[in-house]
Amino acid sequence: MSPRPSRRLALTGGLCLVLLTGCGSSTDSAEGGGDSAARPPVKVVASTNVYGSIAEQIGGDHVDVTSIISDPAQDPHSYEADTRNQLAISKARLVIENGGGYDDFVDRMLKSGDNTSAQKINAVEVSGKQTPAGGELNEHVWYDFPTVAKVADRIAAVLGKADPDDATGFEKNAETFKAKLTPLESKEAQIKKEHAGEGIGITEPVPLYLTEASGLVDRTPEEFSEAVEEGDDVSPKVLKETLALYSAGKVRALVYNEQTSGPQTEKVKKAAESAGTPVVPVTETLPKDEDYVGWMTSNVDALSDALTR
């Protein structure tokens, strides 16, 4: 569900304080004709290193990627971009954002940087997901592998227009990347086969696309996970209900967002540990030196292992 305005990423006056950027190219170079050394790389800016990693794997040596949020210790909801990020986005030919209210600062930076020529990819829009009736959209679509495959195709298409000589290579790299998603979906299917209908707990909706695809049911009171995501206090009544899930043995695992922990989520974590309920840590950005597929493989494997304990 989308954070309320007070929790959304903010750009303060167009100029802010903290710089967290990541640049690089993957070890897989895009195949293509012509003299690539004579052509400058396509400048890409991604709101987080999740999308930056995907762009690197598809663009290879033909892209120069800046990931605005790249520290797994950083809470994306409280992130503030700075002038170097503003400069990078003003020169970008491709900008990749999550959308859904998660990283609205990207649009503000594009507007203030007067970069009208940049192509923009909004992952939530690419996903085709709609806000459910009477509910809110879960914007954490990078935990949804079909969406990530669509985003990969869109990245390849946009890069191909920016660098036509290497378009075929971008397409091949996208196919290679998507092939790596297939084992992840197979693992989800296996978890579903073995554990469909079993309950889990969460601290925020971050991993729900993964857990739902794995056939698991979130037993956490919605008021708890919503309050944590919005940065609000959880009422004593709701906290008591949440803690009781673990003391009563009603869930098989707790999927815990390490990037937005606080006193109340720590109480839930301790309750799970005291009850012998496995805790599966997840984050919203890539751990250091991980790429997207490696990161998600670790997440799926950790969930599977927790359910078989």
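Helices (H or I, at least four residues) and strands (E, at least two) are DSSP runs, numbered from the N terminus. By that rule the chain has 11 helices and 9 strands. This is a predicted model, in which local features need pLDDT of at least 70 and side-chain atom pairs count only at pLDDT 80 or more, while totals for chains, interfaces and linings use all residues. Residues are numbered from 1 along each chain as its sequence is written, and side-chain values use heavy atoms, with hydrogens and water left out.

**The chain overall**

- Of the 309 residues in the chain, 53% are buried; buried means under 20% relative accessible area, exposed over 50%, and partly exposed in between (1.4 Å probe, protein chains only).
- A contact means heavy atoms within 4.5 Å.
- Among contacts in the chain between residues at least 6 apart in sequence, 73% join residues at least 24 apart.

**Helix α2**

- Helix α2 covers residues 83–91, and its buried residues are Asn85, Gln86, Ala88 and Ile89.
- Seen down the axis of α2, these buried residues fall within an arc of 165°, so they line one face of the helix; the arc is that of the directions from the helix axis to the C-beta atoms.
- Asp82 caps the N-terminal end of α2, with a side-chain oxygen 3.1 Å from the backbone nitrogen of Arg84.

**Helix α6 and its partners**

- The axes of α6 (residues 167–195) and α11 (residues 292–307) come within 10 Å and cross at roughly 10°.
- Axes are lines fitted to C-alpha atoms, for helices over the stretch in contact, and angles run from 0 to 180 degrees between N-to-C directions.
- α6 and α11 are therefore roughly parallel to each other; angles under 35 degrees count as roughly parallel, over 145 as roughly antiparallel, 65 to 115 as roughly perpendicular and the rest as oblique.
- Residues of α6 that meet α11 include Phe177, Leu181, Leu184 and Ile191, and those on the α11 side include Tyr292, Met296, Val300 and Leu303.
- By class, the contact of α6 with α11 has 10 nonpolar, 3 polar and 3 charged residues.
- In this count Ala, Val, Leu, Ile, Met, Phe, Trp, Tyr, Cys and Pro are nonpolar, Asp, Glu, Lys and Arg are charged, and the others, Gly among them, are polar.
- Helix α1 (residues 49–59) packs on α6 at an angle of about 125°, with the axes 7 Å apart.
- That angle makes α1 oblique to α6.
- Ile54, Gln57, Ile58 and Gly59 of α1 make the contact with Phe170, Asn173, Ala174, Phe177 and Lys180 of α6.
- By class, the contact of α1 with α6 has 5 nonpolar, 3 polar and 1 charged residues.

**Tyr292**

- Tyr292 lies in helix α11 and counts as buried, at 0% relative accessibility.
- The C-alpha atoms of Tyr292 and Val50 are 242 residues apart along the chain but separated by 6.2 Å.
- Leaving aside neighbours within four places in sequence, the contacts of Tyr292 include Val50, Ile54, Trp142, Phe145, Phe177 and Leu181.

**Ser214**

- Ser214 sits in the loop between α7 (208–213) and β7 (217–218).
- With 0% relative accessibility, Ser214 counts as buried.
- A polar atom of the Ser214 side chain lies 2.9 Å from the backbone oxygen of Leu210.
- Beyond four places in sequence, Ser214 is in contact with Glu188, Ile191, Lys192 and Leu303.

- Val234 is in the loop between α8 (222–230) and α9 (236–247), and counts as buried at 7% relative accessibility.
- Val234 and Phe224 are 10 residues apart in sequence and 5.9 Å apart in space, C-alpha to C-alpha.
- Not counting residues up to four places away in sequence, Val234 touches Phe224, Ala227, Val228, Leu239 and Gln264.
- Thr242 lies in helix α9 and is buried, with a relative accessible area of 0%.
- The side chain of Thr242 reaches the backbone oxygen of Val238 at 2.9 Å.
- Apart from neighbours within four places in sequence, Thr242 is in contact with Thr220, Pro221, Phe224 and Val268.

Note on methods
Polar contact = N/O pair within 3.5 Å; in protein donor to acceptor, adjacent residues only side chain to side chain.
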